[in-house]
Amino acid sequence: MITIDALTKRYREVTAVDDVSFTALPGRVTGFLGPNGAGKSTTLRLLTGLGEPTSGTARVLGRRYADLPNPGLDVGVLLDASAQHGGRTGLETLTLAQRTLGLPARRVDAVLDLVSLTAAEAHRRVRDYSLGMRQRLGVATALLGEPQVLVLDEPANGLDPAGIRWMRDLLRAFADDGGTVLLSSHLLTEIQMVADDIVVIGHGRVVAQGTKDELLAGAGTLVRAADPAALAAALTGAGFTAAPAADGAVTTDAGLAAAGAAAFAAGIAVTELRAGDGASLEETFLALTTDTQRDTLDRASGAAA
Ligand SMILES: Nc1ncnc2c1ncn2[C@@H]1O[C@H](COP(=O)(O)OP(=O)(O)OP(=O)(O)O)[C@@H](O)[C@H]1O
């Protein structure tokens, strides 16, 4: 369990994290989604003891990270896979962590196996690893102490599609086993694939949070008919929203069955009826975060100056 309560971090004039509150529950994968500069990394750094909040609290298993007796046994952390020491082999990296945590040597083999790094790869220097291999090694290090909680910052960066699938399965299995997973990403599709709960952050503030199903419901239903205006009128007449798209489709907040029924009741033959697609969902999230996206603001103020 992770509890973030009114967390705020100010750097001089920049408020990187602004009154952020959310909970990541055991047995669930919580996705922390936001554009670049939104405050994800700062939040995760505060959570894992790499900085002091200006105000508010971040707790893992009810305690501040710094107050955990041997944090590596409670929480596995991967914040920046590219920051691992390039001169060490993967095996040396893991062995060092295993000794620091006071774990039996067999844990090293166990986690190498878990992340599918071969013995030959484990003997190579990290500087010769691809980013995807570094992510696997970072995940292996995070899992060494058999923690109950995993905190991962953009873990899918550098992974190929098979690697992304592997990561998704690993996080799913970890949560299904009762673990708590918090992972950040700036890509909705990545979060959508694995998260049960989603917290959306923009400009340091939480702009939306809920279960994935709740948030995806915002993507609505796509309905198409020969006369989109009549279809839209039927939907709004039945008490739903109706947004006609340029291609003649209409997006509505009605569920699939309700949208079909509203069209049927108005005598309209539907030619397409399906859940709103990922692209429109991506647009929803972009719209949600664009006003609060720091880069956009910076560019805008730069252009105005
Ligand atoms: N040490 C620091 N000093 C000053 N400003 C900082 C510092 N660390 C972060 N910031 C600022 O805080 C804001 C949030 O940064 P943060 O790295 O947490 O965002 P992010 O959501 O993780 O984005 P990214 O994916 O680009 O890392 C940014 O505007 C960043 O420039």
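User: What is the strand order of the open sheet of six strands, and what kind of pairing does this sheet have?

Analyst: In this predicted model, the order is β5-β6-β7-β3-β8-β9, and the pairing is mixed.

User: Why are β5 and β9 called edge strands?

Analyst: Two strands count as paired if at least two bridges are found between them, and β5 (75–78) and β9 (205–211) each pair on one side only. They are therefore the edge strands of this sheet. Neighbouring strands in the sheet are turned against each other by 15° on average, with direction ignored.

User: How do you know that β3 and β7 pair?

Analyst: Five bridges link strand β3 (residues 29–33) with strand β7 (residues 180–185) in the parallel sense, and a pair needs at least two bridges, so the two strands pair. Within this pairing, T30 stands opposite L182 in β7.

User: What makes α1 a helix that lies across this sheet, and which strands does α1 lie across?

Analyst: Contact here requires C-beta atoms, placed from the backbone, within 7 Å, and α1 lies across β3, β6 (149–153), β7 and β8 (197–202). The direction of α1 makes about 145° with that of β6. Helix α6 (residues 131–143), for its part, lies across β5 and β6 and runs at about 160° to β5.

User: Which residues are closest to the ligand, and what makes a residue part of its surroundings?

Analyst: A residue counts as near when its C-beta atom, placed from the backbone, lies within 6 Å, and 13 residues surround the ligand, the closest being Y11, A16, N36, S41 and T42. The largest share of this shell, three residues, comes from α1, while β2 (14–24) and α1 (40–47) each supply at least two residues. Sorted by class, the shell has four nonpolar, seven polar and two charged residues.

User: What is the strand order of the open sheet of four strands, and how do you know that β10 and β12 pair there?

Analyst: The order is β11-β12-β10-β13, with antiparallel pairing, and the edge strands are β11 (243–244) and β13 (270–275). Strand β10 (residues 221–225) and strand β12 (residues 249–252) run antiparallel and are joined by four bridges; pairing needs at least two, so they pair. Here L222 stands opposite T251 in β12. Helix α11 (residues 256–265) packs on the sheet, touching β10, β12 and β13, and its direction makes about 160° with that of β13.

Terms used:
Residues are numbered from 1 along each chain as its sequence is written. This is a predicted model: local features need pLDDT of at least 70, side-chain atom pairs count only at pLDDT 80 or more; totals for chains, interfaces and linings use all residues. Ala, Val, Leu, Ile, Met, Phe, Trp, Tyr, Cys and Pro count as nonpolar, Asp, Glu, Lys and Arg as charged, and the others, Gly among them, as polar. Axes are lines fitted to C-alpha atoms, for helices over the stretch in contact, and angles run from 0 to 180 degrees between N-to-C directions. Two residues are in contact if their C-beta atoms, placed from the backbone, lie within 7 Å.
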